[in-house]
Amino acid sequence: MEKEKLVIISTIGNDNPEKATLPFVLATACQSQDTDVVMFLQSSAVVLAKKGEAEYIKADGLVPLKELLDTFMEMEGSLYLCSPCIKERGISMDEVIEGANVAAAGTLASEVMSAKSVVTY
């Protein structure tokens with residue numbers, strides 16, 4: 001039997017630690033329930049995938065983003081970064097965490113159409 005798949009689209013960057021962290025709280029909770037999770041970072045959220053950036057994102061009452069991001073990747077989550085968004089911010093692939101992939105709207109559309117649920121932050 002195939003696992004269920006959840007797609008999470010996040011557009012919140014380091015300017016709001018709580019909202020930047022919440023997508024990863026949901027993602028890791030779903031992964032712990034044997035769900036495949038695809039995270040697509042768009043807009044200012046792409047900066048969260050820069051090496052070292054997640055270490056600075058801490059919201060009161062929530063697990064630090066670095067820990068959640070590491071857990072997400074260790075649990076084989078798929079992390080996509082919006083290609084126009086990283087280009088706009090001058091972010092190169094050398095600057096992003098291992099395992100992150102760059103994708104455009106076609107990939108997002110395909111992932112959304114094949115998912116049981118989609119959540120947007």
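Ile-8 stands opposite Met-39 in strand S2. The model is predicted: local features need pLDDT of at least 70, side-chain atom pairs count only at pLDDT 80 or more, and totals for chains, interfaces and linings use all residues. Residues are numbered from 1 along each chain as its sequence is written, and side-chain values use heavy atoms, with hydrogens and water left out.

Strands (E, at least two residues) and helices (H or I, at least four) are DSSP runs, numbered from the N terminus. Six bridges join S1 to S2 (residues 36–41), and the two run parallel. From S1 the chain passes through helix H1 (residues 17–31) to S2; this β-α-β crossover is right-handed. That term applies if, with the strands pointing away from the viewer, the path from the first strand over the helix to the second runs clockwise.

S1 also has a partner in strand S5 (residues 117–120). Four bridges join these parallel strands. Here Leu-6 stands opposite Ser-117, and Val-119 is the bridge partner of Ile-8. Two strands pair if DSSP finds at least two bridges between them.

Five strands form an open sheet with parallel pairing, in the order S4-S3-S2-S1-S5. Strand S4 (100–103) and S5 are the edge strands, and each pairs on one side only. From one strand to the next, the twist averages 25°. Angles run from 0 to 180 degrees between N-to-C directions; axes are lines fitted to C-alpha atoms, for helices over the stretch in contact.

All six residues of S1 (residues 5–10) are buried, so the strand is largely enclosed by the rest of the structure. Buried means under 20% relative accessible area, exposed over 50%, and partly exposed in between (1.4 Å probe, protein chains only). Lys-5, Val-7 and Ile-9 cover one side, and Leu-6, Ile-8 and Ser-10 the other. In a regular strand the side chains alternate between the two faces of the sheet.

The whole structure holds two aromatic pairs. Rings of Phe, Tyr and Trp (its six-membered ring) pair if their centres lie within 6.5 Å; planes under 30 degrees apart count as stacked, over 60 as edge-to-face, and the rest as tilted. Phe-24 and Phe-72 are edge-to-face, 6.0 Å centre to centre with 90° between the planes. Phe-24 lies in helix H1 and Phe-72 in helix H2, so the pair ties together parts 48 residues apart in sequence. Both are buried. Phe-40 and Tyr-80 are stacked, at 5.8 Å and 25°.
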